[in-house]
Amino acid sequence: MKTTVVEPPVPSGAPVGLPAGDGRFSLLPKTSFDGRVETELLEVAMGPHHPSTHGVFRMDVVLDGETIVKLKPVFGYLHRNHEKIAENVSYLASIPYTDRLDYLCSMTNNWAYALSVEKLAGLEPPERAEYIRVIMAELTRLANHVCLIGFLAQDMGALGTPLMYGFREREKILDLFEALSGSRMMCNYMRFGGCRLDLPPGWVREARVVVDNFPKFLEEFDNLLSGNEILMARTQGVGVLTAELAVNAGITGPMLRASGVNYDIRKVDRYGIYDRFEFRVPLGDHGDVYDRYMIRLLEMWESLKILRQALDDIPEGPVMDPNAKIRNFKPKPGECYERIEGPKGELGFYLVSDGGANPYRYRVRPPSLVNLTVLEDMCLGHNVADAVAILGSVDIVLGEVDR
Amino acid sequence: MMPMQTLEEIKKRLESAVPGVCVEIVSNDSPCQQRSLLVDRDHGPQVAAWLRRDDALRLDYLSNVTGVDWPEVVTKQKIKVKRKVDGVEKEVEEVVQTRSGGYLEAVYHLYSMELKQGAVVIRMRTGDRDQQNKLPSLTPIWRSAELQEREIYDLFGIVFEGHPDLRRILMWDGFEAHPMRRDYVEPDDYEYEPTPHDSVLAKAKAHYPPEVAP
């Protein structure tokens, strides 16, 4: 290869390493003609390996000093085309895959998918199975929210303590899941038409112990964090999301309710047997990070209420619809969209059947992905460190965002 | 609370509110019976704006947007026809071909947060799967379509006109195909990298002067 190397001219006499010109360094910033300091916008890629991004997620941020002037979320690093995989296997075989969507809440993922298939095929789960599902969903909500609050506090610098306290409680819930399904996180428990197994003997008693001890922990958590001056300073008034924008952008779950919109699918659709339980829907005023934190804390109290009622009322009986065909299952041609209130927001499954053994079209409506729509709107004008807190309060799991 | 209007009523009011619109009710045979409105793509944004604005519907919340690929399917059916052959009436078998599909579809699931009702499902179809793969974007009306329409563009290849930021979202920028299409063929080797032999070396020769060429 022909290359000609041109040596840069070395100014004679001047020591190497000093800038040209008068040969002196200036510590003063450059000023423009009207005397203001000249600044440049700086483009920073936060992530994909930043610890605050909860997985492999990148925010392309444009900064003016410390202030965010533009932010674009970039994802897809964990994309495995879950929908295509599910279209190539039978209805039953997708259930373990749904565990891996939002890997903190496998039970609610199972339920959303099972509900959708049940509506598509006209199956009716027995009453005991419905109770078990509610119990599992609310336990999942507890486990998810304690994790989230722990992560949020950790992102803002409370290293370790709140997260470990949260994990300690979550572990008790995961023990219950393990006793039931054999697996802590990838439960693969629900089936269309009911649940895979009945509760093992003594499970309800164990669950009641966990539920009864939970308020003590919640009070401790509340005392530790809610009135904490640093947490309040870092979160109040940060990342405000107006109700109007939240509705228009399809935000769901605790994030929507923190903005003051009363929309809980457990109350609106009353899927399963949620019409039997008494619980309230906590709402926020300001729509900032603190409200989102507080809503989750309050939601856990409501989940405990539901759990107590469900554990008291659970009837005996079968846990599977006898008409449900697990193998060689072929629903009639048609389509169906069903949704549940997952811990992160509206989790929906859209299924199209062409009469075959595999779904013709399988679509997950991921709450984490849609909730990221307004990330830029919430972050603009705040500091970089606030973006971390705002992202933490959105509550994303990349397994679900990227699918 | 008033029960929600039926799709027939919505269709009727829609046709008087948006002149020139062509709406069709798509039936659904599954037990859940969620029927949908098929809207022609030229009037899509107008219909969407009306659905959101209308006092009886107030569909302010777009929950789910997704694409469905329907490749062209030719079904052959044998039917018996009576025909006169050489002056005598005979029963003759004939093969009738019916073509269906051959388009991409975007499905929108709408709810009302204000009136707590839903769902109304609307769908739009592209002209075909190659050149006329364009649909109007509904992101200006509901922002929740922003990321989901980008995903459909990425995985199905529907081009949404009027979308503020239509880029690939899950696959990388240099990727060419649309993997959620039914006829997508996976590459044999995902980790193919050109290694320096054969065709690669032949190409590389052009970059060297003849006296150094390997």
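Is the crossing of α1(B) and α2(B) left-handed or right-handed? Keep that question in mind for a moment, everyone. What we are looking at today is a predicted model, and I'd like to walk you through a few places in it.

So, the answer: α1(B) and α2(B) make a right-handed crossing. In general, a pair of packed helices is described by the angle between the axes and by how far apart those axes are. Here, helix α1 of chain B covers residues 7-17 and helix α2 of chain B covers residues 44-53. They pack at an angle of about 115 degrees, and their axes are 11 Å apart. If you want to find the contact on screen, look on the α1(B) side for B:Ile10, B:Arg13, B:Leu14 and B:Ala17. On the α2(B) side, pick out B:Val47, B:Trp50 and B:Leu51. By class, six residues of this contact are nonpolar, one is charged and none is polar.

Now let's turn to where the two chains meet. How many residues of chain A are in contact with chain B? There are 49, and they touch 49 residues of chain B. The size of an interface is often stated as the accessible area that is lost when the parts come together. Between chain A and chain B, about 4000 Å² is buried, and carbon and sulfur atoms give 52% of that.

Which residue of chain B forms a salt bridge with A:Glu335? The partner is B:Arg123, and the closest N and O atoms of the pair are 2.9 Å apart. Across the interface of chain A and chain B there are five salt bridges, along with 29 residue pairs in polar contact. Several elements of chain A give two or more residues to the side that touches chain B, including α3 (106-121), β7 (345-353) and β6 (334-342). The largest share, six residues, comes from β6(A). Sorted by class, this side of chain A has 23 nonpolar, ten polar and 16 charged residues.

Over all chains, the salt bridges come to 46. One of them joins the side chains of A:Arg128 and A:Asp198, at 2.9 Å from N to O. A:Arg128 is in helix α4 of chain A, whereas A:Asp198 is in the loop between β5 and α6 of chain A, so this pair ties together parts that are 70 residues apart in sequence.

Last stop: backbone angles. A:Asn188, though, has a positive phi of about 50 degrees, and you'll find A:Asn188 in the loop between α5 and β4 of chain A. In chain B, B:Lys116 has a positive phi of about 55 degrees. B:Lys116 sits in the loop between β6 and β7 of chain B.

Terms used:
Residues are numbered from 1 along each chain as its sequence is written. Chains are lettered from A and ligands numbered from 1 in the order in which they are written. This is a predicted model: local features need pLDDT of at least 70, side-chain atom pairs count only at pLDDT 80 or more; totals for chains, interfaces and linings use all residues. Side-chain values use heavy atoms; hydrogens and water are left out. Axes are lines fitted to C-alpha atoms, for helices over the stretch in contact, and angles run from 0 to 180 degrees between N-to-C directions. Helices (H or I, at least four residues) and strands (E, at least two) are DSSP runs, numbered from the N terminus. A crossing is left-handed if the near helix is turned anticlockwise from the far one by less than a right angle, and right-handed if clockwise. Contact means heavy atoms within 4.5 Å. Ala, Val, Leu, Ile, Met, Phe, Trp, Tyr, Cys and Pro count as nonpolar, Asp, Glu, Lys and Arg as charged, and the others, Gly among them, as polar. Buried area is the accessible area (1.4 Å probe) that two parts lose on being put together, summed over both. A salt bridge is a side-chain nitrogen of Lys or Arg within 4 Å of a carboxyl oxygen of Asp or Glu. A polar contact is a pair of N or O atoms within 3.5 Å; within protein, one must be able to donate a hydrogen and the other to accept it, and residues adjacent in sequence count only if both atoms are side-chain atoms.
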